[in-house]
Amino acid sequence: MSAASRAVTPGHQFASDNTAGVCPEALAALIEANADFAPSYGNDLHTAAVADRLREIFETRCEVFFVFNGTAANSLAVSTCCMPYHSVVCSDAAHLETDECGGPEFFSGGAKILLAPSRNGKLDPAAVEELATRRTDIHFPKPRLLSLTLPTELGGVYSLDELEALGRLAERLRLRVHMDGARFANAVAALGASPAEIVRRGRVDVLCLGGTKIGLPVGEAVVFFDCDLAQEFAYRCKQAGQLASKMRFLTAPWLGILRDGAWLRHAAHANAMARRLSAGLADIPGVKLLHPTEANAVFAALPPAVHQRLVARGWQYYTFIGQGAARFMCCWATTAEDVAALLRDAASAEND
Ligand SMILES: *Cc1c(COP(=O)(O)O)cnc(C)c1O
């Protein structure tokens, strides 16, 4: 980012990966798309090109839709998979449950969310099976969907084998698979596997592919690998107020980050910054890492003096786990200097 765009809180933004601006590749594509008139509601060349590019990336025929945010993507994807009398199995840390204001339940007309215990946000197949088979009678909403988050809300990344195990389990239990991939790019970078392999191993039917947190101005893609599920999805988007009339401004930035791999370069950079931050924090006496740093999130319990010093110096991060526990998110715009400066301030607190 330019110095000017950072003037308000220079280098102090670890609160979320949606606090950074738009990455240069997305911005350039946005400006290109602004050059002329274009058909509205997604009937433009940019939108068609992104959908084609995603079919290349996922190496399969898939149906692609674009919405404004992740809550809509998840809620509408869930509503497509579930009748009102169905249930969704997800982790107790899932955004679907904790941060969508009941959107999935609302848009599905009543589907119930069943929470499985998780470690680092990851589901354990045995717990999923227990939950999905505990009740089979007509008095309980029928389990229909398994929802996985990759990377998880706690910065965990399922291995390909773990994805395979959950995918196979879902198949055996006749559950469809939804993946909340708000930070999917970070998982691709972390796993070093192709996007196609990741969704294939997890038997993913529908992926909510995040754009905002990886550097777009706004927007997420809903990618259906089971094309039957995509039927009439456009109507759901429209009814939910999620059909952009100037669609090209949602989609052109996607083209900017997808066409030459910028999405994965930025994600790998964010992950590397998180690893650096994690290693540095672990070296500070009294700091305890709470979850392994597998993608672009760092969770740490900070001694009060460290926390107070960082806050006093204007560093921004979430502290929702409890007093002194912190979440730091890295993104495409995080610099090694930002990380070093934060670590310096954290370490200097020892001498307060
Ligand atoms: C950020 C995020 C979303 C999307 O949130 P919106 O604010 O609705 O765009 C979805 N899932 C996860 C795991 C997220 O971190």
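In this predicted model, domain 1 and domain 2 bury about 1900 Å² between them, and carbon and sulfur atoms give 59% of that area. Three residues of domain 1 stand out: D17, W263 and E294 supply 38% of the area that domain 1 buries against domain 2, more than any other three residues.

The two domains are parts of one chain. Domain 1 is made of two stretches, 3-17 and 262-351, while domain 2 runs over 24-258. Their centres, taken over C-alpha atoms, lie 27 Å apart. In the contact, 22 residues come from domain 1 and 27 residues from domain 2.

Polar links also cross the boundary. Between domain 1 and domain 2 there are eight residue pairs in polar contact, counting pairs with both residues at pLDDT 80 or more. One salt bridge is found across the interface. R183 forms a salt bridge with D17, with 2.6 Å between the closest N and O atoms. D17 is also one of the three residues named above for their share of the buried area.

On the side of domain 1 that touches domain 2, three elements each supply at least two residues: α12, β11 and β12. Of the elements on that side, α12 gives the most, with nine residues. The residues of this side divide by type as follows.

| Residue type | Residues on the side of domain 1 that touches domain 2 |
|---|---|
| Nonpolar | 13 residues |
| Polar | five residues |

As for position in the chain, α12 spans 262-282, β11 spans 297-301 and β12 spans 325-329.

Key. Residues numbered from 1 in each chain as written. Predicted model: local features only at pLDDT ≥ 70, side-chain atom pairs only at ≥ 80, totals over all residues. Heavy atoms only, no water. Domains from an automatic or database assignment. Contact = heavy atoms within 4.5 Å. Buried area = accessible area lost by both parts, 1.4 Å probe. Salt bridge = Lys/Arg side-chain N within 4 Å of Asp/Glu carboxyl O. Polar contact = N/O pair within 3.5 Å; in protein donor to acceptor, adjacent residues only side chain to side chain. Helix = DSSP H or I, 4+ residues; strand = E, 2+ residues; numbered from the N terminus. Nonpolar A, V, L, I, M, F, W, Y, C, P; charged D, E, K, R; others polar.
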